[in-house]
Amino acid sequence: MILASATTVDEARWLEENGVDAVIAQGLEAGGHRGTFLSDDLSTQVGTFSLVPQIVQAVKVPVIAAGGIADADGVAGAMALGAAGVQIGTAYLLCPESTTSAAHRAALTSAAARQTALTNLFSGRPARGIVNRLMSELGPINGLAPAFPLATSALAPLRAKAEAEGKGDFSPLWAGQNVTGCKEIPAAELTRALARNL
């Protein structure tokens, strides 16, 4: 089975035309890297609950909602809009099974987690993360960031030094816009809670 992310209706149509079995509708709220591939224009990005019904109408393959969904009500809402399933990432970052670093876990449980932004500083490609020192000082999107994937190695020494001191100042603290579902509970327990309204 082939699944692929689309951040626009045009990308979803392209994926269907090229044989995917399902499209993951990645809304603007989603944490981590953008699945965009037809354009680098971030102004084309829309929220999950706007994107899902548009893609559902545009393609015949199943659509999986992703981005900003952190609880059972969000799952049910995505399904009500026509999603065949939901992909959740950020909510699992505090689960004991996750390999999230100590600095990242601390950021997720801090007030800073309420402010995320798309940034190209950590990899050279747009990705959503918690705003930290690097993003604040250089601006989240900066034309001086090395092209993908060179930005990662360029930051490696600063990141290693800061993380050794327990700081996430130069680390990619990937997270979606909704961290309210992050809980330090086993992944199986979180999954059952997310499926509660189905």
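**Close-up views of a predicted model**

By class, the residues lining the largest pocket comprise 8 nonpolar, 11 polar and 1 charged. The legends below describe a predicted model.

**Figure 1. Lining of the largest pocket.** The volume of this pocket is about 270 Å³. Its lining is made up of 20 residues, and those closest to the pocket centre are Ala30, Gly31, Ile88, Gly89 and Thr90. Of the lining residues, 11 are polar, 8 nonpolar and 1 charged.

**Figure 2. Buried and exposed residues of helix α1.** Helix α1 spans residues 9–17, and its buried residues are Val9, Glu11, Ala12 and Leu15. These residues lie on the same side of α1 because they cover an arc of only 160° around the axis. Asp10 and Glu17, on the other side of α1, are exposed. The cover over the buried residues of α1 includes strand β1 (3–6), strand β2 (22–26) and helix α2 (48–58).

**Figure 3. The buried face of helix α2.** Thr48, Leu51, Val52 and Ile55 are the buried residues of α2. Viewed down the axis of α2, they fall within an arc of 100°, so they line one face of the helix. Elements that cover these residues include β1, α1, β2, β4 (63–66) and α3 (72–80).

Figure 4. Gln26 is found in β2. With a relative accessible area of 7%, Gln26 is buried, since the cut-off for burial is under 20%. Its side chain reaches the backbone nitrogen of Gly35 at 2.6 Å. Not counting residues up to four places away in sequence, Gln26 touches Ala6, Thr7, Gly31, His33, Arg34, Gly35, Leu51 and Ala66. Among these contacts of Gln26 is Leu51, one of the buried residues of α2.

**Figure 5. Ser123 and its polar contacts.** Ser123 is located in the loop between β6 (116–119) and β7 (127–130). Ser123 counts as buried because its relative accessibility is 4%. A polar contact of 2.7 Å links the side chain of Ser123 to the side chain of His33. The Ser123 side chain also reaches the backbone nitrogen of Arg125, at 3.2 Å. Leaving aside neighbours within four places in sequence, Ser123 is in contact with His33, Ala147, Phe148, Pro149, Leu150, Ala151 and Thr152.

**Figure 6. The cis peptide bond between Phe148 and Pro149.** The peptide bond that joins Phe148 and Pro149 is cis, with omega about 0°. Pro149 is placed in the loop between α5 (133–138) and α6. Both Phe148 and Pro149 are in contact with Ser123.

**Figure 7. Cys182 and its contacts.** Cys182 is in the loop between α6 (150–164) and α7 (187–194). At 12% relative accessibility, this cysteine counts as buried. Cys182 touches Thr90, Ala91, Leu94 and Leu108, not counting residues up to four places away in sequence. Between Cys182 and Ala72 the separation is 110 residues in sequence and 13 Å in space, C-alpha to C-alpha.

Definitions and conventions
Residues are numbered from 1 along each chain as its sequence is written. This is a predicted model: local features need pLDDT of at least 70, side-chain atom pairs count only at pLDDT 80 or more; totals for chains, interfaces and linings use all residues. Side-chain values use heavy atoms; hydrogens and water are left out. On a 1 Å grid over the protein atoms alone, a cavity is a set of points where a 1.4 Å probe fits but cannot get out, and a pocket is an open set with protein on both sides within 12 Å along at least five of seven lines; lining residues have an atom within 4 Å of a point. Grid points are joined across faces, edges and corners, and a volume is the space filled by probe spheres set on the points. Ala, Val, Leu, Ile, Met, Phe, Trp, Tyr, Cys and Pro count as nonpolar, Asp, Glu, Lys and Arg as charged, and the others, Gly among them, as polar. Buried means under 20% relative accessible area, exposed over 50%, partly exposed in between (1.4 Å probe, protein chains only). Helices (H or I, at least four residues) and strands (E, at least two) are DSSP runs, numbered from the N terminus. The arc is that of the directions from the helix axis to the C-beta atoms. Contact means heavy atoms within 4.5 Å. A polar contact is a pair of N or O atoms within 3.5 Å; within protein, one must be able to donate a hydrogen and the other to accept it, and residues adjacent in sequence count only if both atoms are side-chain atoms.
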